[in-house]
Amino acid sequence: QNQPKEIMSAENKTEKPTETTEKKELDHPKNNVRVSNGRSKFVYADVTKHLLAGGEPFVELSGLGAAIADAVAVTEMLKNQGLVTVEKITTGRGVEGARRQ
């Protein structure tokens, strides 16, 4: 009954989830889109549209380094289409409460 779900890899091979893949699913909220500069901005716009259409009340877009500009561009694309409003902009490394010693 409690069999682990199968995950499709990039080569269309199925694999059993490991502790690492299960932990990644827990560490990465469903409504967070991590933008990189390796893919088209339209891919991230489509993912965001899909999440919003699927009932997510809000979606966070995040990017590191050079991908920050791409995350902003995706947000602007969606905003210009009248699909989203920007409610909050933050900067940082995403670790709350962490301070340098």
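**A strand, a helix, a strand**

Author: This is a predicted model. In it, β3, helix α2 (residues 41-53) and β4 make a β-α-β unit, and the unit is right-handed.

Reader: In which sense do β3 and β4 pair?

Author: Parallel. Strand β3 (residues 32-35) and strand β4 (residues 60-63) are joined over 4 bridges.

Reader: Who is the bridge partner of valine 35 in β4?

Author: Glycine 63. Asparagine 32, in turn, stands opposite glutamate 60 in β4.

Reader: Now the helix. What should the 13 residues of α2 span?

Author: 18 Å, at 1.5 Å a residue. The end C-alpha atoms of α2 are 18 Å apart, so the model agrees with that.

Reader: Which residues of α2 are buried?

Author: Tyr44, Ala45, Thr48 and Leu51. Seen down the axis of α2, these buried residues fall within an arc of 125°, so they line one face of the helix.

Reader: And what is exposed on the other side of α2?

Author: Phe42, His50 and Ala53 are exposed there.

Reader: What covers the buried residues?

Author: The cover for the buried residues of α2 includes β3, β4 and α3 (67-80).

Reader: Pick one residue. Is threonine 48 buried or exposed?

Author: Buried. Its relative accessibility is 1%, and buried means under 20%, so threonine 48 counts. Threonine 48 lies in helix α2.

Reader: What does threonine 48 touch?

Author: Val33, Val59, Leu61 and Leu78. That leaves aside residues up to four places away in sequence.

Reader: Switching to the ends. What caps the N-terminal end of α2?

Author: Serine 40 does. A side-chain oxygen of serine 40 lies 3.1 Å from the backbone nitrogen of phenylalanine 42. Phe42 is also one of the exposed residues of α2.

Reader: And what follows α2?

Author: Glycine 55 follows α2. The phi of glycine 55 is positive, near 110°.

Conventions:
Residues numbered from 1 in each chain as written. Predicted model: local features only at pLDDT ≥ 70, side-chain atom pairs only at ≥ 80, totals over all residues. Heavy atoms only, no water. Pairing = 2+ DSSP bridges. Helix = DSSP H or I, 4+ residues; strand = E, 2+ residues; numbered from the N terminus. Right-handed = clockwise from strand over helix to strand, strands pointing away. Expected span 1.5 Å × (residues − 1). Buried < 20%, exposed > 50% of the residue type's maximum accessible area, 1.4 Å probe, protein only. Arc of directions from axis to C-beta. Contact = heavy atoms within 4.5 Å. Polar contact = N/O pair within 3.5 Å; in protein donor to acceptor, adjacent residues only side chain to side chain.
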